[in-house]
Amino acid sequence: MITLKSKGIKMFLFPAVLARRYYLRKKRKHIFRDPDFVYKDTKGFVSEQYKLAFGKYPDLENPVTFNEKLQWLKLYWYNPDAKRCADKFDVRQYIKEKLPDSKQYLNEVYGVYNDPEEIDFDSLPNQFVLKSTHASAQTIICRDKNTLNRTAAIAEMKQWLQVDYFAAAGEWVYKDLPRRIICERLITSDDGYPPKDYKIMCFNGVPKFLYVISERSGHHFKMDYFNCEWQPLPVTQTGPRGGRILPPPRYLLDKMMEISKILSKDFPHVRVDFYIENNNLLIGELTFFTTGGYGPLSPAKYDTIFGSYLTLPDKQ
C-alpha cells in the first residue's frame, strides 16, 4: 500500500493498483478515449488492456496462464455472491453467513455514508480509516483527527463517488455497486509501518499459495511469496522481495487457511486478505481479479504454474 499526498490528505494505493497503472499508463490507444468502450465490447476492452501489459492478446478460447484465466472469468463467469464480496460493506454480511464466529475477525465499523457530507467527524475517534465501498485504492488514513483537513477529505471522497470502477479494468464484480463511504477502526502495528497484509490465493476452494505486503512507506514496499507451508517462492510481481518476513504464529497461519477455505469454496478463484494485530486475526477483503489480471509475474513460468491451479467453470 503506497502513500500519496493530495490536498493535505494521506491516501494509500495498493501494489495491485500500482501494477495496473504502471502497465496501462505507458501506452493508451485511441479506443480507451471512449468511456463506454468497456460497456460496448468488454471482451475487446480486456483484450486490449491485456495486450498493453503483456505485449500480446490473451488466449480466451484456451487460456493457460493465471492472468489469461482472470480475463476469461471476467467474460464467462458470474456469481452474485462475488458482487456482494466486492462491496467493502456488504462483504461483512457474507462473512457472517459463512463464519459463525465471524465477529472476532471483522474490524469495527464506525459508519457507512451515502454522502461524505453526512460524516460527523466530531463523533469519530481520533484515529480511523475512510474508504469507498465500491472500488479499490480509495483510502484516507487519519492518525490524528485534529490535523485532518476535513474540507479536503470530503472533496476527495466526493471524487471517489464519481468513479465507475468497472470501467477501470472490466471487473464485473464492481459494476453498478452502490457508491458509499465506510469508516473503520484504524488497524495498527508495532514496527512503524502499516500492518502486514497476508493475501491467501485460493483456487476452487483450496489455498495454494500466499504473498505478504510489508514495509510500506511512501513509494516503497516489499512483496514476498510463500507456499502454504511458508516456504519462500522465487516470485516477484509489483515490488521487490523483502526476504526477512517471519512466519506468523502457526495457529494464526492455520486459522487463515481454515477461514480461506470456507470463504473461497463457492468461487473458482478468490484472494482472501488478512491482517494480524496483537496476535488477533482480522479479515481484510476478498478480491477476485488480482491486479485486474494485468500484472506480469517474474519468472514468467509462474503465470502458467499459478494458472494450472485454476479450473475454470462452464461458461455462463
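**Close-up views of a predicted model**

**View 1. Ser-264 sits in helix 9.** Helices here are DSSP runs of H or I with at least four residues, and strands are E runs of at least two, both numbered from the N terminus. This is a predicted model, where local features need pLDDT of at least 70, side-chain atom pairs count only at pLDDT 80 or more, and totals for chains, interfaces and linings use all residues. Residues are numbered from 1 along each chain as its sequence is written, and side-chain values use heavy atoms, leaving out hydrogens and water. With 1% relative accessibility, Ser-264 counts as buried (under 20% relative accessible area; exposed is over 50% and partly exposed in between, with a 1.4 Å probe and protein chains only). Its side chain reaches the backbone oxygen of Ser-260 at 2.6 Å. Leaving aside residues up to four places away in sequence, Ser-264 touches Cys-202, Gly-205, Val-206 and Val-270 (contact: heavy atoms within 4.5 Å).

**View 2. The largest nonpolar core has 69 residues.** Such a core is a set of buried Ala, Val, Leu, Ile, Met, Phe, Trp, Tyr and Cys residues joined through side-chain atoms within 4.5 Å. Tyr-225, Leu-263, Phe-274, Ile-283, Leu-286 and Phe-288 have the most contacts inside this core. Helix 9 (residues 250–264) gives the most to it, with six residues. A second, separate core of 16 residues includes Leu-124, Ile-140, Leu-148 and Met-157.

**View 3. Tyr-225 is among the residues lining the second largest cavity.** About 40 Å³ of space lies in this cavity (a set of points on a 1 Å grid over the protein atoms alone where a 1.4 Å probe fits but cannot get out; lining residues have an atom within 4 Å of a point). The volume is the space filled by probe spheres set on the points, which are joined across faces, edges and corners. Other lining residues include Phe-66, Met-201 and Thr-290.

**View 4. Helix 3 covers residues 42–54.** Gly-55 follows helix 3, with a positive phi near 80 degrees.

**View 5. Thr-133 lies in the loop between strand 4 (128–132) and strand 5 (139–142).** Thr-133 is buried, with a relative accessible area of 0%. A polar atom of its side chain lies 3.5 Å from the backbone oxygen of Pro-178. Beyond residues up to four places away in sequence, Thr-133 touches residues including Asp-87, Phe-89, Arg-179 and Ile-181.

Note on methods. A polar contact is a pair of N or O atoms within 3.5 Å; within protein, one must be able to donate a hydrogen and the other to accept it, and residues adjacent in sequence count only if both atoms are side-chain atoms. The expected span of a helix is 1.5 Å times one less than its number of residues. On a 1 Å grid over the protein atoms alone, a cavity is a set of points where a 1.4 Å probe fits but cannot get out, and a pocket is an open set with protein on both sides within 12 Å along at least five of seven lines; lining residues have an atom within 4 Å of a point.
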